[in-house]
Structure formats: C-alpha cells, structure tokens
Amino acid sequence: MLVVGLVGWGPNLHPTSLTPDEQYTHISLWCLLSAPLLIGCDMTQFDEFTLNLLTNDEVLAVDQDPLGKQATCVAKKNRHQVWAKAMEDGSLAVGLFNLDYTFLPAADVTADWKDLGIKGQYRVRDLWRQKDVGTFKNAYTAKVNPHGAALVQLFPVKE
C-alpha cells in the first residue's frame, strides 16, 4: 500500500508521515520491484505533490514494464544502495538510494557500470524530472538527499 498524500480511515485523514524525499524513495522502490501500486490515500483530496508522484508516466512505466523483471540491489556502499532492473526495450531502470540520517547533507550516490554489468556509453534520463541529464561512460553519480532517491533510466548509445 502506498502511503502518500492524505492517509487514514474515514474522517480521520492525516498527511502521510513520510517526508517528500521518503515519498520519492517509496514510489521509486515499489516501481523498481514491479509491485502492484495500491493507492492508500483519499484520491479526491490529492495535493499537487501527491498527484505528480502518482501520475508520472515515466516512473509508472518502470513498474508496468512488460518484461516484468524485478530490480535487484547491485551495490551497497556505506548507507547508499543502487538497484537495477532490466527493461523490455534493452534499457536499465536504476534507483540510487541514500539511507543516511536525515540531518546529514545530500550525498553523491554512484551507479558504476561494473556493478550494473554493462559497458560503453549510456544516455541517462532522470525519470522524476522527465529530462535527459547527459551521456555517461563507466558511471553515473547523482546528488541524493538523506532518505531520498534518484530514479534514472540508462539507454545504450551506439558508438
């Protein structure tokens, strides 16, 4: 059950106790795991943030990819994790997670091609922001807030 937006039962609705960064993490991981997305909030009372979380078509496409593969954790370093999921079109969906304590600053989290089992150049698309961030070789690093996540898709570039 997705715990974003206004949650609770009957007239006792209250905002989720998850921070915005934790909500990005929550949705990102569920989509990487190809989990059923059960909305646990009152859909008649979406705020703009919750609506954007639950209607980002690029993020939802990761969850609904026809290949049906689940992501696996491919790297753990300190309190950072990288998860990867093969997609039907030959791309990879990659989640970069920062499990640091909330009082720490944002940290660099790196997806290394060796950990992902890939080589060469890849176009990286930030799925939450719905924009390409560039072409990278060997690794991609994102600045990720504590309890936050970056969700990207890697597309091979023909050399």
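About 200 Å³ of space lies in the second largest pocket of this predicted model, in which local features need pLDDT of at least 70, side-chain atom pairs count only at pLDDT 80 or more, and totals for chains, interfaces and linings use all residues. Residues are numbered from 1 along each chain as its sequence is written, and side-chain values use heavy atoms, with hydrogens and water left out.

A pocket here is an open set of points on a 1 Å grid over the protein atoms alone, where a 1.4 Å probe fits and protein lies on both sides within 12 Å along at least five of seven lines, and its lining residues have an atom within 4 Å of a point. A volume is the space filled by probe spheres set on the points, which are joined across faces, edges and corners.

The lining of the second largest pocket includes Lys 76, His 80, Asp 108 and Asp 115. Strands S3 (72-77), S4 (80-86) and S6 (107-112) each give two or more residues to this lining, and S6 gives the most, with four residues.

The largest pocket is lined by 15 residues, and those nearest its centre are Arg 129, Lys 143, Val 144, Ala 149 and Ala 150. Helix H1 (20-32), strand S9 (139-144) and strand S10 (148-156) each give two or more residues to its lining, with S10 giving the most, five residues; helices (H or I, at least four residues) and strands (E, at least two) are DSSP runs numbered from the N terminus.

| Pocket | Volume |
|---|---|
| Largest pocket | about 280 Å³ |
| Second largest pocket | about 200 Å³ |
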